[in-house]
Amino acid sequence: MTIRFSSHSRFRLAPRAGLTVIYRRYLNHDATKHTSAIPGSARLKTVDLSGLRSRELSETGALLRACEEDGFFYLDIRRVNNAQMIKDWMLIQSLMQPWFARPFHDKMRYHCGTFLHGYTPVGTYAGLLENSKDGNESIKITDVARRVDPPILPDLYLENRALLDRFMDGCRDITISLLSSLSDSLDLRESSRFEQSHRSYMPANTCLNLFNYPKSTRGGQFGQNKHTDNGSLTLLFANQQGLEILSPRTSSWDRVLPRDGHVVVNVGDTLRFLSGNRFHSSIHRAAPIFEPSQQGRLVAGFFLRAEDHCMIEDNEGSKMTARQWHDHKYDIYKSLHSIQRTSTVLTGGMEEHIDNAKRSQSAAIETREG
Ligand SMILES: O=C(O)CCC(=O)C(=O)O
Ligand SMILES: [Fe+2]
């Protein structure tokens, strides 16, 4: 489906020469020492959701390995519920496109000044380049905000409530199926099962975030800086490319290409901590848009988060609640790059984990050869 942005949008196309300069700066940018010259495409595992729900060993095994190795995978949702989620995603895109094309002051009526719900303008969080800001705007629909009567959410939600509730409930069901399969694979019992820290009736920051990455924004504001997700599982619906992950094997930034009928899933820090660091929460980022034919990029991200009071132990051994980790992480997402570098919070300690694994690998090779 081709998404076209209205000429009334406040975002204008950058001249091609300008984009080339930005592209070079982006490729040379050392936001992380893991940057590779030219990103390739990621080879991720695929899990079939309907097979997983029937407990087929090929699928439960692939899910476990994907969480242990890459922390990212494709989930085939074509055979589930007559592909309703895919049809709903198409409808949601057709609502997002005119909504985001509205005048800025109109959208800002739904800006709540908090990262908890509502509209967030371009440039709120850190961008890809040093000292730059991000290049996306979004509408966040939290479970908490939609339960308030009347819900404190933008008109896009209020006028399409049946569709968006169905989509969010479908996303929740998918993530709970994944958690349940992972709990079985790890032989977790009773309160230690992952689903038990994600009960739908308990307060949590679970949300659907609808993102628009306009093709062109003000100087240097594009993409999203590298990070790991703070929550448990993220479902990413996107028909246009832009997502990149840092391969723990090759240390290169690989493009995650969209696949029809598949949603991209990634493990967040909280699930990694709950798994005793057995799972990986992979480092990823959103790249600028370079394809001349690509007019912008629409993404729906469903972020399953643990119950507010769920206790976790972070990568530095500090104990805190899932809510405290979430709030701390959001402060860091917003901070300048120089502040982000002063702690391991932005990537949940995954960069250090990858470096340590590399160091012990080369020490083992030296010992064998020496
Ligand atoms: O734009 C994307 O594909 C990724 C968004 C993302 O990683 C996030 O919001 O956490
Ligand atoms: Fe993310």
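## Cysteines

The sulfur of C171 lies 11 Å from the closest cysteine sulfur, in C207, which is too far for a bond. A disulfide here is a pair of cysteine sulfur atoms within 2.5 Å, and by this rule the count comes to 0 disulfides. C67 is in no disulfide either; its nearest cysteine sulfur, that of C310, is 17 Å away. C171 counts as buried at 0% relative accessibility, and C67 counts as buried at 0% as well. Buried means under 20% relative accessible area, with a 1.4 Å probe and protein chains only.

## Basis of the model

This is a predicted model, in which local features need pLDDT of at least 70 and side-chain atom pairs count only at pLDDT 80 or more, while totals for chains, interfaces and linings use all residues. Residues are numbered from 1 along each chain as its sequence is written, chains are lettered from A and ligands numbered from 1 in the order in which they are written, and side-chain values use heavy atoms, without hydrogens and water.

## Iron site

H227 (NE2), D229 (OD) and H284 (NE2) coordinate the iron ion (ligand 2) at 2.1 Å. Donors are N, O and S atoms within 2.8 Å of the metal (3.2 Å for Na, K and Ca); water is not among the atoms, so sites may look incomplete. The donor residues follow the sequence spacing H-x1-D-x54-H, and both H227 and D229 are buried.

## Sheet

An open sheet of 8 strands runs in the order β1-β2-β10-β7-β12-β5-β4-β3, with mixed pairing. Its edge strands are β1 (45–48) and β3 (118–120). Strands are DSSP runs (E, at least two residues), numbered from the N terminus, and two of them pair if DSSP finds at least two bridges between them. β3 pairs with β4 (residues 137–142) in the antiparallel sense over 3 bridges, and Y119 stands opposite I139 in β4.

Note on methods
Buried < 20%, exposed > 50% of the residue type's maximum accessible area, 1.4 Å probe, protein only. Helix = DSSP H or I, 4+ residues; strand = E, 2+ residues; numbered from the N terminus.
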